[in-house]
Amino acid sequence: NPSVATVRIETGDSRGQAWDLLSTNGAGTNTGTLSFRNEAGSSYLDLAANGGSPKTTIRNGGANDLLVVDNNGNVTTPKQPSFAAYRNQSLWNVSGAYMVFNTTRHNIGGHYDTSNGRFTAPVSGSYQINFYSIYRGNRTSAYVQVYVNGARIYGGDIHFTFYDLNNNWDNVSYSQVLYLNANDYVQMYSASNVDWHGNHWQCFSGYLLG
């Protein structure tokens, strides 16, 4: 290549195994790239220092960065399953039913379903699951529960008290790490008659820890 020096080793057939060592033009801070790619040019691993910003990128042959380590040691996984949902409704009464949060703030991977309130685990692993909302009512106590695959789980009952029976708002929150198998789904269940406040006063969220 007249503009970029390249060393390339690959198989002599169509299997496509290859690695490249590339130098770069332009700024003196450029130190080149070591890439593992197939014959189509799809990258699996890049060790690069372009424009003075070294980083390591794993793509596994696709167009999306799956894991990036930048020159400050920050590690990001842009495709990591994650969601944050809420009910797009100011006053929302739920009694003895699943809570369907019909709007998402983000939904990486699309694993949360706004039609039924389910987050479905795409792979087996440990997941951080969180819930927060303000509420009101004229009863003394209530329960909100976590269900996995339609079954109430141990450690998933959140009992809360109505400190103010004059219909002023109070809050409840929940956080737990759950091990889920691939295709297991998680829902929140309002076991008691409660007036919930959706919108920015509420969030059901979760993400894959690993």
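Predicted model: local features only at pLDDT ≥ 70, side-chain atom pairs only at ≥ 80, totals over all residues.
Is Thr161 buried, exposed or partly exposed? Thr161 is partly exposed, because its relative accessible area is 29%, where buried means under 20%, exposed means over 50% and partly exposed covers what lies in between, with a 1.4 Å probe and protein chains only. Thr161 belongs to strand β16, residues 151–161, and its C-alpha sits 8.9 Å from that of Tyr143, at a distance of 18 residues in sequence.

Residues are numbered from 1 along each chain as its sequence is written, and side-chain values use heavy atoms, with hydrogens and water left out.

Let me turn to the chain as a whole. The protein chain holds 19 strands and zero helices, both taken as DSSP runs numbered from the N terminus, with helices being H or I over at least four residues and strands being E over at least two. Of its 210 residues, 36% count as buried. Among the contacts in the protein chain with a separation of 6 or more, 55% are between residues 24 or more positions apart, a contact being heavy atoms within 4.5 Å. The chain exposes about 11200 Å², with carbon and sulfur atoms supplying 48% of that area, as computed by the Shrake-Rupley method with a 1.4 Å probe, where for residues only the protein chains shown count as cover.

Next, the aromatic rings. Rings of Phe, Tyr and Trp, the last by its six-membered ring, pair if their centres lie within 6.5 Å, and planes under 30 degrees apart count as stacked, over 60 as edge-to-face and the rest as tilted. By this rule the count comes to 13 aromatic pairs. One of them joins Phe119 and Tyr127, edge-to-face, at 5.7 Å centre to centre with 65 degrees between the planes, and both of these residues are buried. Another joins Tyr135 and Trp196, which is edge-to-face because the planes stand at 65 degrees, with the ring centres 6.2 Å apart. That pair links distant parts of the chain, since Tyr135 is in strand β14 (residues 125–136) and Trp196 is in strand β19 (residues 194–208), 61 residues apart. Tyr135 and Trp196 are both buried.

Which residue lies over the face of Tyr185? Arg118 does, at 3.9 Å from the ring centre, the rule being that NZ of Lys or CZ of Arg is within 6 Å of the ring centre and within 35 degrees of the ring normal.

On charged pairs, side chains of opposite charge can pair when their charged atoms come close. A search of the whole structure finds two salt bridges, each defined as a side-chain nitrogen of Lys or Arg within 4 Å of a carboxyl oxygen of Asp or Glu. In one, Asp65 meets Arg59 at 2.8 Å, N to O, and Asp65 is partly exposed at 24% relative accessible area. In the other, the closest N and O atoms of Arg152 and Asp157 are 2.4 Å apart, and Asp157 counts as partly exposed at 30%.

Strand β17, residues 170–180, contains Val177, and Ser173 lies in strand β17 as well. Ser173 and Tyr132 are 41 residues apart in sequence, yet their C-alpha atoms are 4.3 Å apart; leaving aside residues up to four places away in sequence, Ser173 touches Phe131, Tyr132 and Ile158.

Finally, the backbone. Most residues other than glycine have a negative phi, and most peptide bonds are trans. Asn183, however, has a positive phi of about 80 degrees; this residue is in the loop between β17 and β18 (185–190) and is exposed, at 58% relative accessible area. Asn199 also has a positive phi, near 55 degrees, but Asn199 lies in strand β19 and is buried, with a relative accessible area of 16%.
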